[in-house]
Amino acid sequence: MRLKLKPRETLLLGLVGVAAVMALWPRFQASGTAPEVGTRARSQASLSPIPRIDLARLDESASEVEVGRRDLFAFGPIVSRDAPPPPPEAAEPPPRVAPPPPPPRGAGGGTSTASLAPMNLKFIGSVGNERGVKVAVLITERNEVLTGQSGQVIANRYRIERIGIESVDLEDVGTGQSRRIPLKGN
């Protein structure tokens with residue numbers, strides 16, 4: 001509920017407030033709790049000075065490495081692409097290396113081949129647009145959804161060779177083997 005004051009009461013209330021501030025002003029100044037004029041300037045001056053930026057460094061030449069010219073994965077001196085290749089040295093032929101030994105024979109008498117664990121993928125459909133671009137939708141045993149177009153690699157292991165209506169052909173990037181995954185319902 002709001003109390004409506006008459007103009008005379010409002011004037012008296014204002015005068016009482018001004019008188020109270022005038023009476024208490026010396027106390028606030030003595031205790032140091034009242035804000036002072038120029039407090040902001042004084043507080044900024046008490047902070048540590050801001051170091052000056054040396055703008056003369058802008059005129060210095062840049063480092064010898066140009067942006068975009070360094071191979072992050074190559075160690076050693078920087079090789080310029082514009083420089084001519086070094087002259088070929090008289091290199092000795094590489095030493096002959098014996099071929100690797102054949103893999104050990106398993107208990108069944110056949111050779112054991114190390115292969116990647118099979119990834120259980122299910123082809124759950126494909127999506128196409130009016131331009132004829134098809135995207136295959138596959139799902140892993142962990143219920144992860146994988147999507148890709150023809151030629152793209154999915155799961156860092158399989159390249160999509162062909163997307164059909166009822167199947168998708170995948171090539172194992174590591175072994176080069178192809179396999180066809182039929183459309184799974186439910």
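Strands S6 (residues 167–172) and S7 run antiparallel and are joined over five bridges. Within this pairing, Val 168 has Ile 181 of S7 as its bridge partner. As for the terms, strands count as paired if DSSP finds at least two bridges between them; the helices (H or I, at least four residues) and strands (E, at least two) are themselves DSSP runs, numbered from the N terminus.

This is a predicted model, so to speak of local features takes a pLDDT of at least 70 and side-chain atom pairs count only at pLDDT 80 or more, while totals for chains, interfaces and linings use all residues. Residues are numbered from 1 along each chain as its sequence is written, and side-chain values use heavy atoms, with hydrogens and water left out.

There is also an open sheet of three strands, in the order S1-S2-S3, again with antiparallel pairing. Here strand S1 (121–128) and S3 sit at the edges, each pairing on one side only. On average, neighbouring strands of this sheet are turned by 25° against each other, direction ignored (axes are lines fitted to C-alpha atoms, for helices over the stretch in contact, and angles run from 0 to 180 degrees between N-to-C directions). S1 and S2 run antiparallel and are joined by seven bridges, and Gly 128 stands opposite Lys 134 in S2.

Thr 140 belongs to strand S2. It counts as buried because its relative accessibility is 8%, where buried means under 20% relative accessible area, exposed over 50%, and partly exposed in between (1.4 Å probe, protein chains only). Neighbours within four places in sequence aside, Thr 140 is in contact with Asn 120, Leu 121 and Leu 146, contact being heavy atoms within 4.5 Å. Glu 141 is found in the loop between strand S2 (134–140) and strand S3 (145–148). At 48% relative accessibility, Glu 141 is partly exposed. Its C-alpha atom is 8.2 Å from that of Lys 122, 19 residues away along the chain.

Leu 5 is in the segment before helix H1 (7–31) and is partly exposed, at a relative accessible area of 36%.
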